[in-house]
Amino acid sequence: MKKVNLLLVLVMIAALALSACGGGSSKLKIGLVTDVGGVNDKSFNQSAWAGVEKAAKEFGWDAQYIESKQPTDYEKNIDQFATENYDVIVTVGFMMGDATAAKAKQYPKIKFAIIDNAYFPTKDSKACDDTAKDCYADGGLKNVTSLMFQEDQVGFLAGVLAGGMSKTGTICSVAGMEIPPVVRFVVGYQNGAKWIKPETNTLNVYVPSFIDPAKGKETGVSMIGQGCDVIFGVGGNTGNGGLLAAKEAGLMGIGVDVDQYLTYAEVKDILLTSAAKNVDVAVYEYLKTVKSGAVKAGINTANVQNGGVGLAPYHDMDSKIPAEVKTKVDEALKGLKDGSIKTGYQP
Amino acid sequence: MSENRKTNPFAPFLSALGRALGMPALALLTAFIIGAIVILLTSGDLLAAPTAYWGLIRGALFKQRGLSESLVASIPYVLLSLGLSVGFKSGLFNIGVEGQFYIGALCAAWAGQITTGLPAIIHLPLALLAGAIGGAIWAGVPGYLKMRTGAHEVISTMMMNYVAFRLTEYVITDKLRDVNSTTIQTPSVSPAAELWTFAAIPQRLQDPLNALGVALVLALLTALVVRALADRPDWKAKLGARRGLAIGGSGLLAGLIAFVALPLLTNAWWPFTDAYDRLHTGLIMAVLAAVGVWWLMEKTTPGFELRTVGANPNAARYAGMNITRNVVLAMAISGGLAGLAGTIEVLGVSICRCLPLFFSSGYGFDSIAISLLARNDPFGILAASFLFGAMRNGADLMELSSGVSKYIISLIQALALLFVAAPAIVRWMYRMKAPAGEEKQAPLTRGWGG
């Protein structure tokens, strides 16, 4: 028995010594915790990991990811990195908000970045009291950076394109749940279409789900019946159902979040473009501030100015989009960049 | 495998080891060895397998919160596997535990949020009961269908799984959606319905009502243990007519001591701190459930009936046992335990203390493997569940520290199960002789006809 104990102690000392060697260098360790979608989800998680990998490669850091199997794993997975002395932990998606906040408070020396969850002003969040003036500065999240996206800007550009391409003068959107990022997309989209042609008629339905393609398709079909000929699918799989409706009616569609031409091959021939949130760019830019030491807690917004959001390439549609519409899109982009055009979204 | 099978020098030693540890342990060892070979072949690095396994062990046991998280992961495994084992012993393959897990979670999430006014002594048992009953009903229906219409429980419980998944999704996204949250989830349960974490026990016990609840549970448990002991012949003779007094008195005494002493003691000294932040009292319930299932199946008349129905329904019917009742009962117990597992995950683990979408990732299906690995023995299930929980938890650090994908764990578990299901493979590998009589066990489950 004694021998076994001695052996165990020796092994542990060896392990300690080894880990101590690793801690001496200035090489940062970056951990990414994915949502249940996993790192190959062709969307957010994959894009976030791409950003981490790019930064790690460029700056010579160590990067690892852990895939969450279920929501009850979030805390545990963040803790895996924290207890292994990781310097930066990136968590992907709104759902991880509570777990990230809890762990950020527990490990104030580790830097956290969360995608799509602004802790403030959000009521009924477990992250901090409603009395806090600012969840980051005095609410206990001094080490958390929220990576947010100005979806209304890229929605606006998509709307300009849709309004320019529509022959019937009616454009529509099949949206997912009515949560802030989705609303930003939709409001921008509608105002963009009205900016290029003020008389454009806009239709929108919020389907209370992101995982209901059947309902999305049904909604799309009914909008086509009302004269819509460009469908913006903006709600995960529900939005994809809307795109499918456009495809089956031989009309046009616009994807969302990532370049869906590459990820949703079934509808690629009718996709004008996709209103993309460049999560990889946002994560990379964040890690660059970590490198330079300029990293700040609080909300970090990605917009058209810094390339965090933007339209995906036109791909097959490139030849079918008239030059004057393209010019208008570029003009809108320029206006949004210099602030002369507002998307009309009010939080 | 090129050596001469007649002259393997290790055969006697391995046979002895196999006998001592049982086939499951040998199967597991073999699975880990094959896993190491796979790691070696895919990475081409001699050190990869030792590094990976050391990371696995460290992540599962030694790192901060490692042991705690392993226990947290093994709690649902214990309850689900116990549920499966009750079914197996009664000749039923309840493949629907995952669905019952979901229904239990749903019922508990509902019962936990109906009001915030109730004290924990009422609300927590209520929520636990709601989850268990939900699971029991969800499993009892296929049991009844089997007896009435002949619908095989493998088919009907599997189909009930899909109904359960979609029903849960519907309720979470629509009927019971938390309107204040932008995340798709049910409202958080009342603090009174939350399952206590170990770290929070001293603070919880400061409320006299909570202390009373704990005292009642302890009194009941003490009385049950004394009652069991009092049935032993030597005690029976000594106690005589004072049996009832002894049982009641010891229970009362234990309850009183607990009520007075526990709040003071835990306040003064308590070992479970931040390092165990997610470990919850579901652990105690899981262990008690194992003892309870053992007691029910081995020591009571209903358990004997269940086992008889499982071993030979015709004989059971001839002996005057009600087959329908027993099948439904077995399924209900099985489903109740599965429902309780889901309940505990909602009330004790989920950070929002609510039911979010995509709640489980196949605990129920892993548990089929666990109960087979443990051969349906309740205490074997405790061990096997911890093993699976530890592997699931340690796998992350293994991947982080060695770069070996955590999915290798699934391979090892699958191999272990394969070897347990077909012990002849292991015996062939190690040139062992089959022990006499081993093949004559009752079948785990019955075919389509029976």
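These legends describe close-up views of a predicted model.

**View 1. Chain A as a whole.** Chain A holds eleven helices and twelve strands. Its length is 347 residues, and 53% of them count as buried. Among contacts in chain A between residues at least 6 apart, 69% join residues at least 24 apart.

**View 2. An open sheet in chain A.** Six strands form this open sheet, in the order β7-β6-β8-β9-β10-β12 of chain A. The pairing is mixed. Strands of a sheet pair through backbone hydrogen bonds, either parallel or antiparallel. At the edges stand β7 (201-206) and β12 (309-311) of chain A. Each has a single partner strand, so one side of each is left without a neighbour in the sheet. On average, neighbouring strands of this sheet are turned by 15 degrees against each other, direction ignored.

**View 3. The pair β6 and β7 of chain A.** Strand β6(A), residues 170-175, pairs with β7(A) in the parallel sense. Six bridges join the two strands. Ala175(A) stands opposite Tyr206(A) of β7(A).

**View 4. Helix α8 of chain A against the strands.** Helix α8(A), residues 236-248, lies across β6, β8 (230-234) and β9 (252-257) of chain A. The helix runs at about 160 degrees to β8(A).

**View 5. Helix α10 of chain A.** This helix has 14 residues, 279-292. At 1.5 Å a residue, α10(A) should span 20 Å, and its end C-alpha atoms are 20 Å apart, which agrees. Buried residues in α10(A) include Val279(A), Asp280(A), Val281(A), Tyr286(A) and Leu287(A). Gly293(A) follows the helix, with a positive phi near 85 degrees.

**View 6. Where chain A touches chain B.** Here 24 residues of chain A are in contact with 23 residues of chain B. On the chain A side, β2 (62-67), α3 (74-83) and α4 (97-106) are the elements that give two or more residues. The largest share, seven residues, comes from α3(A). By type, the chain A side divides into ten nonpolar, seven polar and seven charged residues.

**View 7. The nonpolar cores.** The largest nonpolar core has 112 residues. Val78(B), Leu79(B) and Ala416(B) touch the most other members. Helix α14(B), residues 323-349, supplies the largest share of this core, 15 residues. Leaving aside neighbours within four places in sequence, Ala416(B) is in contact with Ala27(B), Leu28(B), Ala31(B) and Leu373(B). Another core, of 102 residues, lies apart from the largest one. Among its members are Cys135(A), Trp195(A), Val234(A) and Leu243(A).

How values were computed. Residues numbered from 1 in each chain as written. Chains lettered and ligands numbered in written order. Predicted model: local features only at pLDDT ≥ 70, side-chain atom pairs only at ≥ 80, totals over all residues. Core = buried A, V, L, I, M, F, W, Y, C linked by C-beta atoms within 7 Å. Buried ≥ 20, exposed ≤ 12 C-beta atoms within 10 Å, placed from the backbone. Helix = DSSP H or I, 4+ residues; strand = E, 2+ residues; numbered from the N terminus. Contact = placed C-beta atoms within 7 Å. Nonpolar A, V, L, I, M, F, W, Y, C, P; charged D, E, K, R; others polar. Expected span 1.5 Å × (residues − 1). Pairing = 2+ DSSP bridges. Axes fitted to C-alpha atoms, helices over the stretch in contact; angles between N-to-C directions.
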